Structures are given as C-alpha cells and as structure tokens.
Amino acid sequence: MATPAQTIQDALQRVAQFRQQHASDPALARAIAEVKRFQARRFQATYADLLHNPRYARATRFFLQELYSDRDYASRDQQFARIASTISKLFPQPVVATAAALAEVHALTETLDDRMAHAWRADSLSAPQDGEPARYVRCWRQSGDRAAREHQLDVVLQLGQELDRLTQARGLRTLLKVMRRPAAAAGLGALQQFLETGFDAFAQMGGAKEFLTLVRQRESEWIRALFDDGDVACATKLSHLLAAGGAH
C-alpha cells in the first residue's frame, strides 16, 4: 500500500504531465478551460441553495473553490510536491491523511477533465453549434467511464470525511494557527490556507454527515442522468439548472 507521501507525489506528477500537455497545445488548453468553466457553473448552480444556508455555506464555498472551480492550482500543487517526502514529519497524521486525499481527488479530476477536453476539442470541429449543455452531454458520453466517475465522487466524499475528522482532533486548530508563520516562511502559504479554511468550514457545521449525504445524492443523480437520460432530456435539464442557478 502506498504511503501518503507516495500518493501525493504520484498524483501531482500526473497533474504536472497534464499541465505540460495542455501548455504545448493551445487548442487543447482552450478546451480544458471551457470544460472547467462549464463544470464550475454546473456545480455552483447545483449547490446554490446550500450557499445561502447558514450552516452549509462555508463548507459549500470551500468545496466549490478548492475542488470544483476553474482556478489554477499550480501554486498549491508545487507546495504539496515540495513537502511530499517529509509531510509525515511536518504534520500530524490527520493532516497527512487529508493532504493525501486532496492529491488523489485532484489527480482523478484532472484525468477526467483531460478526457473531456479531448472530446470537447473534437466536438467543436464536427458537431452542430447547439449550445454548451448539449455539447457537454455528448462529450461526457464519448469520454465517459462510469466507474471512474463514481470513484471520483467516492474520493471527494473521502476528503470531506477526512476534513470532518480534522475538526475532532483535540488541539489541532491551535496547532494550525501556530504553523502560520513557519508555513509562510517555508513558502507553504497556499497549503496552510487550504487546511485552515477547510478546518473552519467543517467545524462550523458541527458535523458533516448531512452535508456529505447531500453531495452524494446530488452528484450521484447527475452521474446517472449524464449516462442514462436521453440526450435532449439531459441537455434540457442542464440548461434549466444553469438558468435557475444564475437567478440566485
């Protein structure tokens, strides 16, 4: 079984390879940016109600900004890679487990987004201009791997569970505060911010079970719809979601 350090190193190596490929292919880079932008809109709309719920708003923003956004995570990745070999010495075990879970989520997401980007680029050359929702459904099904999509959801939920466990570790919040200056001095500010933001977001909920159950239910339903519903029905469902989400 791989150590947390090996998990982090392997995951970030895969992500770095994707970045290099995209940087050398402008058309693919545009496609990956468009896919990520569309997905970020879908996630934002899917959880618009939770963003307005006092209990869940911070955790929802954390998930959308740290896992499901179209942000460039290169700086954070570089920091993770820099400390991967010594992370078990620098941080307590709950933090190490959380960092490894994040790396796995990140690598799997980038793998699936890369597949979508290749399909998206090909679709732009051959398919009618019938809107992004219809295009997204086509590309999902052309590149789709149901087992991988379900595994992606599983590892996202695992990360949520690890963050929930962090909030139950006695004295960990105080330790994170103490680490701010050393982390900044070591060039690990992005990693420190991720840990503190996640800790506070999950601690504020007073237990993440209900939140993670909602994420599982909603994402499972989208996985089902994107694989099983008719093309037009699924694209229409996506269009309605995005329209409703933009109204909040």
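View 1. A salt bridge is taken here as a side-chain nitrogen of Lys or Arg lying within 4 Å of a carboxyl oxygen of Asp or Glu. By that criterion the side chains of Arg135 and Asp123 meet in a salt bridge, with 3.6 Å from N to O. The pair links distant parts of the chain, since Arg135 belongs to helix H8 (residues 132–143) and Asp123 to helix H7, twelve residues apart; helices are DSSP runs of H or I with at least four residues, strands are runs of E with at least two, and both are numbered from the N terminus. The model is a predicted one, in which local features need pLDDT of at least 70 and side-chain atom pairs count only at pLDDT 80 or more, whereas totals for chains, interfaces and linings use all residues. Residues are numbered from 1 along each chain as its sequence is written, and side-chain values use heavy atoms, with hydrogens and water left out.

Arg135 counts as buried because its relative accessibility is 14%, and Asp123 counts as buried at 5%; buried means under 20% relative accessible area, exposed means over 50%, and partly exposed lies in between, with a 1.4 Å probe and protein chains only.

**View 2. A salt bridge between Asp25 and Arg121.** Among the 20 salt bridges that the structure holds is the one between Asp25 and Arg121, whose closest N and O atoms are 2.6 Å apart. This pair also links distant parts of the chain: Asp25 is in the loop between helix H1 (4–23) and helix H2 (26–46), while Arg121 is in helix H7 (residues 93–126), 96 residues apart. Asp25 is partly exposed, with a relative accessible area of 23%, and Arg121 is likewise partly exposed, with a value of 26%.

View 3. The side chains of Glu221 and Arg224 meet in a salt bridge at 2.8 Å, N to O. Both residues lie in helix H13, three residues apart, which is about one turn of the helix. Glu221 counts as partly exposed at 32% relative accessibility, and Arg224 is partly exposed with a relative accessible area of 29%. Elsewhere, salt bridges that share partners join Asp123, Asp130, Arg135 and Arg138 into one network.

**View 4. Arg149 and the ring of Trp140.** Arg149 is placed in helix H9 (residues 146–166), and its charged end sits over the ring of Trp140, 3.9 Å from the ring centre. A charge is said to sit over a ring if NZ of Lys or CZ of Arg is within 6 Å of the ring centre and within 35 degrees of the ring normal. Arg149 is buried yet has no salt bridge, and the nearest side chain of opposite charge, that of Asp113, is 5.1 Å away; for charge, Lys and Arg count as positive and Asp and Glu as negative, with His and the chain ends not counted. Not counting residues up to four places away in sequence, Arg149 touches Leu112, Met116, Trp140, Ile223 and Phe227, where contact means heavy atoms within 4.5 Å.

**View 5. Aromatic rings of Phe63 and Phe211.** The whole structure contains ten aromatic pairs, counted where rings of Phe, Tyr and Trp (its six-membered ring) have centres within 6.5 Å, with planes under 30 degrees apart called stacked, over 60 edge-to-face and the rest tilted. The rings of Phe63 and Phe211 have centres 5.4 Å apart and planes at 90 degrees, so this pair is edge-to-face. It links distant parts of the chain, with Phe63 in helix H4 (residues 57–66) and Phe211 in helix H13 (residues 209–228), 148 residues apart.

**View 6. Two cysteines without a disulfide.** A search of the whole structure finds zero disulfides, a disulfide being a pair of cysteine sulfur atoms within 2.5 Å. The sulfur of Cys139 is 13 Å from the closest cysteine sulfur, in Cys234, which is too far for a bond. Cys139 is buried with a relative accessible area of 0%, and Cys234 counts as buried at 0% relative accessibility.
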